[in-house]
Each structure stands twice: as C-alpha cells, then as structure tokens.
Amino acid sequence: MKHFSPGEITEKLKHRQPLILLDSVSELSASKWKAVKNISFNDPVFQGHFPKHPIYPGVMHVEAMEQLAEFAVKDILAPKKGDGLILAKKLRKVKFRKPALPGDRLLIELEVKNVSNGEAETSLTVKTASGLVSQAEITMGIFPFERAAEEPAPPNSYDKTADIDMDVNQVMEVIPHRFPFLFIDYVKRMEGSHLTAVKNIGHTDPFIGKCPNSRTIAPIPFMSEIASHPGCVLILSRPVNKGKFAYFMAIDEAECFEPAYPGDQLRVEVEVLEGSSKFGRGEGKLFIGERLISRTLMMFAVVDPQ
C-alpha cells in the first residue's frame with residue numbers, strides 16, 4: 001500500500017484550485033485505489049448549487065472520480081512526458097443515489113478493470129457515512145495536449161442577438177443555478193421538446209482546469225453538466241413544473257470526442273421528450289461550429305422545493 005501527500009497529488013494531477021478534488025490518495029494494489037474528498041460549506045460551489053439548499057453537485061462527484069482514475073492509470077497510458085492528456089473519454093452507468101452535503105466526507109474507491117488499445121476501463125463508487133451516494137464506469141484515454149491554433153471564429157447565427165428566447169436573467173428565473181455554477185449564457189431557441197443554448201468558454205471561468213504544461217481545458221465531466229442545464233430549463237419551463245427543481249439522477253452514457261478550450265463557443269442542442277411529471281430523460285450534444293465534441297444521455301428527477 002502506498003499513500004500520497006497533498007503535494008504529490010497536485011504534482012501528479014497538475015490541477016489547481018478550485019478544481020483539485022482529491023484530499024488524500026492511496027494505492028491499495030496495482031488495480032485498486034481509494035481517495036477522500038472532504039466537503040466544506042466554504043467550498044465556493046455552494047454559492048450556486050443551490051442557494052438555501054446546499055447540495056454537492058453530481059458532476060463534482062464525477063470529476064473527483066475522474067481525477068482518481070487519472071491518478072491510477074496515468075503512468076500506464078502515458079509513461080513518457082509529452083504523450084498527451086489523460087482524461088475521460090466515456091462515462092457509463094453514472095448514478096447519483098443520494099445527495100452529498102456540507103460536512104460529508106466522500107470515500108472514492110476505484111478498480112481498474114481493463115487496459116488495452118490506449119484506453120483504461122475503471123469502475124468507481126463514492127460513499128459517505130450514510131452509504132453509497134454515486135457510482136460510475138469511466139473509460140480513460142489520451143487526448144492531445146492542445147488543439148492547433150485557429151483564427152477567431154467570425155460572427156455566426158448562434159451569437160447573442162436581440163431576438164434570443166432567453167437571456168441569463170430569464171434563465172435564472174427558471175432554474176436555481178447561480179454563479180459559479182451556472183453553465184448556460186443564453187437560450188437561442190426553445191421549441192417544443194428541443195432547446196438550443198450557448199455556453200462561452202473563457203479563461204475567467206472558475207472551473208477551467210489547469211493541465212500539464214499550463215494547457216487549459218474545460219473539465220471533461222463538465223461537458224455533461226453543460227448539457228444538463230439547458231435540459232433543466234426545458235423541463236422546468238413546462239407549466240406543470242413551474243417552481244420545481246430538476247436534479248441530475250443519472251448519466252446513462254456520455255462520450256467526449258475532444259476537449260473544449262478558452263475561446264470556444266459551445267452550442268448545446270438538447271432534446272427532452274414529454275414524459276412523467278416526476279422524471280425526464282434527454283440527450284444533450286455539444287458543438288463547436290458544426291463539429292460534435294460531446295454527447296450525453298441523461299435522466300432528471302423533478303421535485304418540489306424543500
């Protein structure tokens with residue numbers, strides 16, 4: 001068994017605040033690892049998730065799991081400096097069983113199931129003193145350190161104009177997310193079961209992760225969170241759900257084809273069909289221009305405010 005100090009953790013992961021989510025890490029064997037994340041009410045995430053109803057966001061569970069997976073397989077997938085970024089390529093069977101709250105300690109346990117063809121399949125659980133709170137299967141892979149420099153994108157039909165359907169203030173009238181945990185800048189169009197929204201990625205975004213050699217990207221699990229916020233808007237805009245909350249219950253499947261970088265305009269296309277008044281299922285796709293970079297199949301629970 002090997003234990004890692006806080007300095008060793010940050011050196012290996014290269015993440016920095018506010019996105020270093022492992023407070024202690026232990027290697028139990030070649031295939032089994034565990035880590036702890038202490039949750040404090042002073043975490044800035046509680047400013048926006050949610051005011052008066054502080055719940056540790058599900059995506060933060062997934063990000064912590066991904067960081068432990070990176071820790072476990074980094075030297076296997078990229079033994080040489082410069083091989084690339086070790087990040088989540090696929091998420092499967094992500095389930096949020098019960099909320100994690102300020103004061104909880106997250107015990108994250110990981111098992112490496114298979115390593116082949118430049119990818120590593122891992123299975124993870126997250127527990128608190130009250131039992132299992134979340135779980136996931138994460139496939140880790142190698143992405144290039146950075147995308148080749150491109151000319152700034154010219155104005156396009158998805159840019160913000162006077163005829164958008166919802167600005168950020170109108171979005172906040174529908175969903176309870178607030179800074180620093182609101183990942184939708186405006187809704188371009190909302191028609192029936194389909195919604196088109198935009199999230200701009202910039203260096204000043206609090207959750208842009210610092211990666212090796214100072215490369216900066218949007219954290220991969222946050223792709224699903226970015227897809228979920230327009231989904232919440234779509235669900236909670238329906239008259240039957242007025243004044244309610246929509247909680248992330250599961251990610252059936254998600255895949256990332258390339259990271260998002262500062263300067264990217266993410267177009268989010270979300271489809272959530274009419275269904276039960278208590279649950280919603282949908283698909284969210286993230287585009288840069290016409291290039292698909294991520295897709296997520298997700299499920300929400302619709303509840304009354306407590």
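**Close-up A. Strand 14 and strand 15 make an antiparallel pair in this predicted model.** Ten bridges join strand 14 (residues 279–288) to strand 15. Then slide over to the hairpin, where two residues sit between the strands.

Close-up B. A handy landmark is Glu 253, whose bridge partner in strand 15 is Leu 297.

**Close-up C. Helix 1 has its buried residues on one face.** Which residues of helix 1 are buried? In this helix, spanning residues 6–13, they are Ile 9, Lys 12 and Leu 13. Seen down the helix axis, these buried residues fall within an arc of 90°, so they line one face of helix 1. As for what the buried residues of helix 1 pack against, the partners are strand 1 (2–4), strand 2 (24–27) and helix 2 (58–77). Just past the end of helix 1, Lys 14 takes a positive phi of about 70°.

**Close-up D. Helix 1 crosses helix 2.** On the helix 1 side, the contact is made by Glu 8, Ile 9, Lys 12 and Leu 13. Helix 2 brings in Gln 67, Glu 70, Phe 71, Lys 74 and Asp 75. Sorted by type, the residues of this contact come out as three nonpolar, one polar and five charged.

**Close-up E. Two cis peptide bonds turn up in loops.** The bond from Gln 17 to Pro 18 is cis, with omega near 10°, and Pro 18 lies in the loop between helix 1 and strand 2. The other view is on the bond from His 49 to Phe 50, also cis, with omega near -15°. Phe 50 belongs to the loop between strand 3 (32–38) and helix 2.

**Close-up F. Lys 52 and Lys 93 have positive phi without being glycines.** Lys 52 has a phi of about 75° and is found in the loop between strand 3 and helix 2. Is Lys 52 buried or exposed? It counts as exposed, at 83% relative accessibility. Lys 93, with phi near 50°, instead has its place in strand 4 (residues 85–96). Its relative accessible area of 44% makes Lys 93 partly exposed.

**Close-up G. Asp 205 is a buried loop residue.** Look for Asp 205 in the loop between strand 9 (194–200) and strand 10 (209–210). Its relative accessible area is 14%, and the cut-off for buried is under 20%, so Asp 205 makes the list. Leaving aside neighbours within four places in sequence, Asp 205 is in contact with Phe 183 and Lys 199.

Key
Residues numbered from 1 in each chain as written. Predicted model: local features only at pLDDT ≥ 70, side-chain atom pairs only at ≥ 80, totals over all residues. Heavy atoms only, no water. Buried < 20%, exposed > 50% of the residue type's maximum accessible area, 1.4 Å probe, protein only. Helix = DSSP H or I, 4+ residues; strand = E, 2+ residues; numbered from the N terminus. Arc of directions from axis to C-beta. Contact = heavy atoms within 4.5 Å. Axes fitted to C-alpha atoms, helices over the stretch in contact; angles between N-to-C directions. Nonpolar A, V, L, I, M, F, W, Y, C, P; charged D, E, K, R; others polar. Pairing = 2+ DSSP bridges.
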